[in-house]
Amino acid sequence: MPGSDDPAGATATAMATSQAISADEVALYDRQIRLWGMEAQARMRNANILIINMRALANEVAKNLVLAGIGSLTILDPDVVEEDDLGAQFFISEEHVGINRAKAAVPAIQRLNPRVLVHADTERIQDKPVEFFKNFDIVIATDMDLDSMLLINDATRKWNIGFYAGATYGLYGFIFADLISHSFVIKRIRSNVKTQIGRETRTRSVISTTEKKEGDTIWEFVTKQEIYCPLSEAIRSEVDNKWRPRKRKMVPSVLPGIKALWKFQQKLGRLPESTREDFAEFTKIMTEVDKELALPEELVKAEFIRQFVENATAELSPVAAVLGGLLAQDAINTLGKMEQPIQNLLVFDGDISVAPIVVLALQSED
């Protein structure tokens with residue numbers, strides 16, 4: 001993605017990029033340019049995004065990205081619109097039943113912002129060569145099984161492309177991010193305590209700082225770098241080994257629940273249903289996952305499992321709106337190289353209104 005992380009050179013870069021943005025675009029995106037600057041807007045304008053699968057979550061993500069002014073959006077979905085899709089998706093209607101979901105959604109997405117190029121791709125992602133992915137700046141996989149997410153993440157890593165995955169399961173859902181190595185700038189008022197260069201957390205480091213005076217205020221621009229792991233590593237990892245028992249008990253059950261659902265899909269090739277057999281199998285898998293995460297066994301609650309399984313195949317517009325907004329905003333921040341991105345798994349429980357972010361990556365024992 002074009003652009004520089006160094007605020008000291010931002011003025012020159014912004015002058016160059018502003019020449020590529022027309023006066024009409026400056027007027028159209030005025031409020032967001034004021035918020036994150038011309039350089040960040042130029043990065044978005046030149047970005048090519050791929051969204052895989054067009055269900056409720058993808059509807060929300062596509063809407064937000066197109067309105068933000070990205071360069072192009074490709075929607076890939078081999079399936080056709082069914083009546084069940086009409087309840088939580090707003091780019092399609094009854095007249096689209098039987099039509100490919102990507103093709104059905106493109107006209108409505110295009111109308112949101114005619115300046116963005118919107119394409120439909122009706123092929124299966126599994127049939128795409130690995131070279132297909134190199135044409136994109138960010139790939140967003142929605143509502144996919146674990147094996148498909150792993151396949152896509154392997155391809156995005158090959159081309160050094162940012163990868164997001166997300167899904168909703170009724171009241172529940174997740175967002176996973178693998179941005180490989182991502183630098184971003186935090187703008188803040190300079191404090192009396194000097195910012196230290198070096199490692200900040202086990203995944204994040206402070207790279208550099210610069211200052212700029214505006215009136216009586218001295219601003220500090222802190223460049224940080226996050227190092228990510230692929231999904232294949234995250235699913236083999238436990239929570240931070242430095243967490244005390246009290247903090248582990250505060251983790252919501254949805255974390256082991258999401259990982260258990262992935263394993264259930266891998267084993268049975270489908271989402272769990274509200275049957276006695278599925279409740280028993282899901283409980284067994286979630287108990288195993290809970291141990292793998294090094295979490296207390298009391299997180300495996302019968303009442304949570306019952307509600308989680310009952311929600312697994314549902315799409316709820318409010319949940320899609322929340323998670324879709326979070327995912328799209330994180331992708332926008334990533335393109336603009338601003339603000340702290342998700343590192344690396346956000347899990348959402350709409351029943352108790354929590355959305356913690358947990359770092360799942362292999363770690364040393366020290």
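The entries below take the pairs one at a time.

I am working from a predicted model, in which local features need pLDDT of at least 70 and side-chain atom pairs count only at pLDDT 80 or more, whereas totals for chains, interfaces and linings use all residues. Residues are numbered from 1 along each chain as its sequence is written, and side-chain values use heavy atoms, with hydrogens and water left out.

I looked up the total and found 21 salt bridges, the term meaning a side-chain nitrogen of Lys or Arg within 4 Å of a carboxyl oxygen of Asp or Glu.

I then turned to Glu315 and Arg55, whose closest N and O atoms are 3.3 Å apart. Glu315 is in the loop between α11 (302–311) and α12 (317–336), while Arg55 is in the loop between β1 (48–52) and α4 (56–68), so this pair links parts of the chain 260 residues apart (helices are DSSP runs of H or I, at least four residues, and strands of E, at least two, numbered from the N terminus). Glu315 is buried at 17% relative accessible area, and Arg55 is partly exposed at 25% (buried is under 20%, exposed over 50%, partly exposed in between, with a 1.4 Å probe and protein chains only).

For Asp77 and Arg101 I noted a salt bridge of 2.8 Å, N to O. Asp77 lies in the loop between β2 (72–76) and α5 (101–112) and Arg101 in helix α5, so the pair ties together parts 24 residues apart in sequence. Both Asp77 and Arg101 are buried.

Last, I checked Glu310 and Arg306, which meet at 2.9 Å, N to O, and both lie in helix α11, four residues apart.
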